[in-house]
Each structure stands twice: as C-alpha cells, then as structure tokens.
Amino acid sequence: MISKTDLPDTIPVFPLPGALLLPRARLPLHLFEPRYLAMLDDVLKTSSRLIGMVQPYEAPNGGGKLHTIGCAGKVTAFSETEDGRYMITLSGASRFRIVEEVEGFTPYRRCKVNWQGFDRDLGPTEQDSSFDRDKFMDALGRYLVDQGLSTDWESLGEAEDELLINSLSMLCPFDPEDKQALLEAPSLTTRRETLMTLIEFALRGGSGEEVMQ
C-alpha cells in the first residue's frame, strides 16, 4: 500500500486515449515504443515505481494537450517478450492533478503533479450504500448484448461494489471523454451514477458524438 508520503512531485505520464486506470484497480499494458521502454527502465529504478495514466485531448487541434486529472499506478508486474516488448501491470494508487509539464531530456513526457483532494484514493475500499445492484445488472446485461460483448456473469455478480463499478468503468468501450468523466467522479456512488447514465444512453441508441458534461 502506498502512503501519501511516498507520492513524488514529478512522475512520468503515459497519454493513452481510452485507457482508464482507477485507484485499487489493475490495468495491463503492452509497451513496445522505445520511449515507453525507456520510461519503464527509469521507473523501475525509483522507489515508488509510479506511472501516470492520462487522457490526451482528441480534438484535431489538441496539439498533444493532456487532461488535467489522471491516475498513477505502481508497476506491480512485468515480463519481457522474446522480441523486446514488455507486458506490465499497473495497480492504481491515486489520482493526481497536473500542475505543469516538465521539460527535460527524457524521450517520454513527465509532469509536476499535485495529489491533494484525492485522499480517499489511498484509503480503504469504497462502498456504495445506495447501489441498486439488481437494476444495474439488468441494464448491464442488456448493454453487453447490445454491444456484442461477453463476460463472466458469476464473478461479476459476486464482485464487491467498488470492484464491479471500477472494472466496468475501465473495460466498457466508452469514448475517451466519457472515460475521463468516470475518472473524475468524486465518489464511487457518483461513478456508478455516471456509468449507469452512459449505459442507458448507449441503450437508447446514443451516438458517440455526445460527450458527458
């Protein structure tokens, strides 16, 4: 478990559209670009082993601009393939707010970050006291059929609230801006409400052109 004192002021960031990491969740990643192989090499030399996952803006004139809020994960597993690529697992530690991008000599991007306002990310598993699981699972089932997706219903049904809601937030094929809304949700309850809204929107035949506000 990472404590607040373990969180560095500057971290490497990995801008990856649609890839969502949440606190206490795990995200598998496949690294093959030389700059990200260099990033992993440097990260493994640090005590925190943190990489910040952040959404880049998708607009044509985004110019590489990053969303302000991302989530840092600790490298908890990695393996090298025969052709020099890496499979890694990030375990979500805490969200952060980007203060500024740090200019430097690394081939990957680094940012000065602020961890304030995300204390609950470092705490125990969150509960959702107003969660109507039956209603949620019914909508989810219809959504998965509609999207042509399959899942392990038994393990889903047995999962704790946080694991269920966060896993679905990460795995469902929502637009990057919608993923950002799920990331920025201040509590598990608001994340579940946002997730339910996105599922219901998709079931009504909503296009991906609308963005959660």
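Started with strand pairing: strand 3 and strand 4 (residues 69-80) run antiparallel and are joined by four bridges. For my own record, helices (H or I, at least four residues) and strands (E, at least two) are DSSP runs, numbered from the N terminus, and two strands pair if DSSP finds at least two bridges between them. I picked out Met 53, whose bridge partner in strand 4 is Cys 71.

Housekeeping: this is a predicted model, so I keep in mind that local features need pLDDT of at least 70 and side-chain atom pairs count only at pLDDT 80 or more, while totals for chains, interfaces and linings use all residues. Residues are numbered from 1 along each chain as its sequence is written, and side-chain values use heavy atoms, with hydrogens and water left out.

Next I looked up the pairing of strand 1 with strand 3, which is parallel and has three bridges. Val 13 has Gly 52 of strand 3 as its bridge partner.

How many residues of strand 3 are buried? Five of the five are, so the strand is largely enclosed by the rest of the structure. (Buried is under 20% relative accessible area, exposed over 50%, partly exposed in between, with a 1.4 Å probe and protein chains only.) I checked both faces: Leu 50, Gly 52 and Val 54 are buried on one side, Ile 51 and Met 53 on the other.

Then cavities, meaning sets of points on a 1 Å grid over the protein atoms alone where a 1.4 Å probe fits but cannot get out; lining residues have an atom within 4 Å of a point. Points are joined across faces, edges and corners, and a volume is the space filled by probe spheres set on them. My search of the whole structure gave two cavities of 30 Å³ or more.

Last, the angles. Arg 24 has a positive phi, near 70 degrees, though not a glycine. Arg 24 sits in the loop between strand 1 (10-15) and strand 2 (26-31) and is partly exposed at 26% relative accessible area. I noted Arg 49 too, with a positive phi of about 55 degrees, in the loop between helix 1 (34-43) and strand 3 (50-54).

Definitions and conventions
1 Å grid on protein atoms, 1.4 Å probe; cavity = no way out; pocket = protein on both sides within 12 Å on 5 of 7 lines; lining within 4 Å.
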